[in-house]
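Here is a short report on one protein chain. Look over the sequence and the fold before reading on.

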Amino acid sequence: MPTNPTRTESLLTALCFDLRAALSRVGYDADTLVEALGMDVHAALGRSEPVPVRRAARELGELGTLVRLLLLGDAMPEREVAAALAPVRIDQAIAAGLLARAGDDIRAALDLRPLDAGAGTRWILSDLDDSMQRRTLTEEHVLGVGHASLSLLRATPTRPVGTVLDLGTGCGVQAVHAASYARAVTATDVNPRALWLAEATAALNGLDIELLEGSWFEPVAGRRFDQVVANPPFVVGPARIEHTYRDSGLALDGASELVISQASDLLAPGGTAAMLAAWVHTADGDWRQRVSSWLPAHGVDAWVVQRDVADPALYVGTWLRDAGLDPRDPAAQARAEQWLDAFEAAEVAGIGFGFVYLRAIDGPTELLAEDLTHGFDDPLGDEATAYFERSAWLRAAAADNDLAWNARFTVGPSTALERVYLPGAEGWDQRVARLHRGDGPRWQHEVDESTISLVAGMRADGLPLYELIELLALAHGSEAVSPEFAADALSVVADLVRHGLVRPV
């Protein structure tokens with residue numbers, strides 16, 4: 001049970017021991033669902049297409065009953081629900097808020113679905129969404145496992161740590177995930193309903209998670225954590241709160257500014273933060289400078305990855321639909337007008353969205369903010385950990401030139417040289433050469449022939465960097481390495497190291 005002494009166990013939490021037994025008995029878990037439904041039908045479930053799922057569920061007995069009840073929102077005969085959820089009693093589940101009566105039938109009052117984020121099945125309780133049935137979301141609505149939650153799960157480092165804080169936990173999905181790699185997990189939220197569901201989610205998975213109610217950083221003031229994860233209400237818009245899961249009450253990107261500017265205060269030495277955030281693009285400003293201005297001057301190594309930029313109209317329409325509103329409805333149109341008026345007044349040209357990673361360091365703040373809008377398969381969690389390790393090496397090398405000059409480097413196993421030729425007057429003309437990383441974020445760097453030659457000489461048992469640079473200078477007809485040539489070469493190598501195309505031995 002949660003360790004917060006100020007919270008009393010709810011009826012829903014008390015139900016979870018028996019509910020877990022029922023779900024396990026029936027096979028209501030991530031792997032069994034995929035196997036039972038089949039890949040095509042399971043994909044239809046992800047597309048919010050209930051008919052193929054319902055047809056398949058009819059042949060799955062008690063598992064099919066739970067699929068229709070909990071995933072499709074169908075009203076089901078009480079006798080069938082009672083059999084599928086035994087030993088849970090229907091009257092208990094109704095009193096706890098899990099189920100509700102619909103005439104003579106039973107329907108789900110909450111969303112309950114299995115999720116495997118890499119540590120086996122976890123069951124997540126949340127409010128019903130509009131994925132299978134049209135619903136307008138209330139102000140206190142608690143989101144389940146949506147696209148943003150899944151993207152943060154995949155982007156969060158999972159190296160074992162001591163303590164994790166889930167800031168703004170919602171239904172508890174990030175906290176439950178953190179329990180697989182942390183010794184102790186603390187989760188906070190300003191919404192009491194969110195904590196009610198997070199408490200039950202933790203109990204349903206047999207986890208001990210500390211739950212604290214309060215706004216932003218207040219519940220954990222003065223504490224430090226090895227890792228912080230946050231999916232805050234980062235939606236960019238007017239200073240209002242229509243839905244607590246998305247709206248902060250702060251104007252424009254104020255929520256992201258608040259979390260990014262203060263999250264480092266929660267980190268223990270060497271601690272890491274992984275967060276979703278959004279920021280405004282203006283016609284005469286650089287989004288990188290905007291995000292940079294939010295960081296403290298000392299103590300942070302920051303990596304900001306912009307995954308997408310939306311124009312204001314698309315952004316507003318997307319979030320109206322997310323709340324279950326039809327943009328064609330007059331009331332929704334009035335909200336859109338107010339929203340776009342606020343953007344116009346602030347000269348917003350676009351809204352960027354992505355991941356923010358922070359590492360607590362002892363030194364001046366560093367920032368790399370870059371676009372990663374192309375597709376890639378690997379999650380960013382492991383990459384973020386590797387990025388900070390490479391960044392730490394580069395800081396050490398900048399402080400001690402001998403470390404860099406005497407270092408030997410290897411080319412990453414997935415790094416490839418790509419040359420692009422186009423037809424020319426006398427045959428094929430090379431137009432560009434790139435070093436391309438084939439894994440992780442799949443970074444590409446345009447390179448010249450000198451860089452290609454330098455990288456070609458890198459081996460674990462080869463020459464140190466300075467000797468490679470000397471050979472390169474000789475190949476260019478110079479008997480000595482000029483300071484400018486050496487500085488340019490070192491800068492190129494540092495860029496390749498930062499993105500993992502070459503690695504110091």
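In which loop is R442 found? R442 sits between β16 (427-437) and β17 (444-446). The model is predicted. Phi of R442 is near 60 degrees, a positive value in a residue other than glycine. R442 is partly exposed, with a relative accessible area of 27%.

W216 also has a positive phi, about 50 degrees, although it is not a glycine. W216 belongs to the loop between β8 (210-213) and β9 (225-230). W216 counts as partly exposed, at 23% relative accessibility.

Another backbone feature is at P87. The peptide bond from A86 to P87 is cis, with omega near 15 degrees. P87 lies in the loop between α6 (78-85) and α7 (90-96).

Next, the annotated domain. The UniProt record, an unreviewed entry, gives "domain: Methyltransferase small" for residues 147-241. Over residues 147-241, the chain is 29% helix and 26% strand. The end C-alpha atoms of this stretch are 21 Å apart.

T272 is part of strand β10 (residues 267-282). Its side chain makes a polar contact of 2.7 Å with the side chain of R359. Beyond four places in sequence, T272 touches P157, D226, Q227, V228, L267, L358, R359 and F388.

The largest nonpolar core has 58 residues. Within this core, Y315, F343, Y357 and L380 touch the most other members. Apart from this core lies another, of 49 residues, among them L71, L110, L112 and V142. In soluble globular proteins, nonpolar side chains tend to be buried together. Leaving out residues up to four places away in sequence, Y315 touches F234, V235, V236, A310, W339, F343 and I351.

How many disulfides does the model have? The count comes to 0. The sulfur of C16 is 13 Å from the closest cysteine sulfur, in C171, so C16 is too far away for a bond. C171 is in no disulfide either, and its nearest cysteine sulfur is that of C16, 13 Å away.

| Residue | Relative accessible area | State |
|---|---|---|
| T272 | 6% | buried |
| C16 | 1% | buried |
| C171 | 1% | buried |

Why does T272 count as buried? T272 has a relative accessible area of 6%, and buried means under 20%. Why does W216 count as partly exposed? W216 is at 23% relative accessibility, and partly exposed begins where buried, under 20%, no longer applies.

Definitions and conventions
Residues are numbered from 1 along each chain as its sequence is written. This is a predicted model: local features need pLDDT of at least 70, side-chain atom pairs count only at pLDDT 80 or more; totals for chains, interfaces and linings use all residues. Side-chain values use heavy atoms; hydrogens and water are left out. UniProt positions are given in the numbering used here, feature names are shortened, and annotations may be inferred rather than shown by experiment. Helices (H or I, at least four residues) and strands (E, at least two) are DSSP runs, numbered from the N terminus. Buried means under 20% relative accessible area, exposed over 50%, partly exposed in between (1.4 Å probe, protein chains only). A polar contact is a pair of N or O atoms within 3.5 Å; within protein, one must be able to donate a hydrogen and the other to accept it, and residues adjacent in sequence count only if both atoms are side-chain atoms. Contact means heavy atoms within 4.5 Å. A nonpolar core is a set of buried Ala, Val, Leu, Ile, Met, Phe, Trp, Tyr and Cys residues joined through side-chain atoms within 4.5 Å. A disulfide is a pair of cysteine sulfur atoms within 2.5 Å.
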